[in-house]
Amino acid sequence: FPSHDTSACMMYSTINVSELDVQPIRLYPNPARDLLNLRFDDLKLTEIIILDFQGKRVRSFEPMIELSIIDLPNGIYTIHFISETGIFSDRFTKLD
């Protein structure tokens, strides 16, 4: 048999829903007007970054449980939570 280069191949496996990790960060309320509340239990965050719909960084925060978004324009934002174990992302809507 001829040999084939398999270096670009990926291996996939299936998992049960019970094997999935639960999102370690809770963000509420969503939509929000002036404050976003965070709950991240034992996760050690190093930074929180908010991006606008174009992917531009509009705010960054030290880890805290309440973020002021009162000065952000209305819209949909992506929020990245940077931790020692990885990056977790979510979206929220800002309304006046």
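**Notebook: strands and sheets**

I started with strand β2 (residues 35-39), and I found that three bridges join it to β5, the two running antiparallel. A note to myself before going on: this is a predicted model.

Next I looked up one residue in that pairing. Leu-36 has Leu-67 of β5 as its bridge partner.

Then I wanted the whole sheet around β2. Which strands form it, and in what order? I read an open sheet of three strands, ordered β1-β2-β5, with antiparallel pairing. I also checked the edges: β1 (26-28) and β5 (66-68) each have a single partner strand, so one side of each is left without a neighbour in the sheet. For the twist I noted an average of 25 degrees from one strand to the next.

On to the other sheet on my list. I found four strands in the order β4-β3-β6-β7, and this sheet is open as well, with antiparallel pairing. Which strands stand at its edges? They are β4 (57-61) and β7 (86-94), each pairing on one side only. I wrote down the twist here too, and it averages 20 degrees from one strand to the next.

My last stop was the pairing of β6 with β7. How many bridges join β6 (residues 75-83) to β7? I have nine in my notes, and the two strands run antiparallel. I picked out one residue here as well: His-80 stands opposite Ser-89 in β7.

To close the page, I keep two orders at hand for next time: β1-β2-β5 for the three strands, and β4-β3-β6-β7 for the four.

Technical notes. Residues numbered from 1 in each chain as written. Predicted model: local features only at pLDDT ≥ 70, side-chain atom pairs only at ≥ 80, totals over all residues. Heavy atoms only, no water. Pairing = 2+ DSSP bridges. Axes fitted to C-alpha atoms, helices over the stretch in contact; angles between N-to-C directions.
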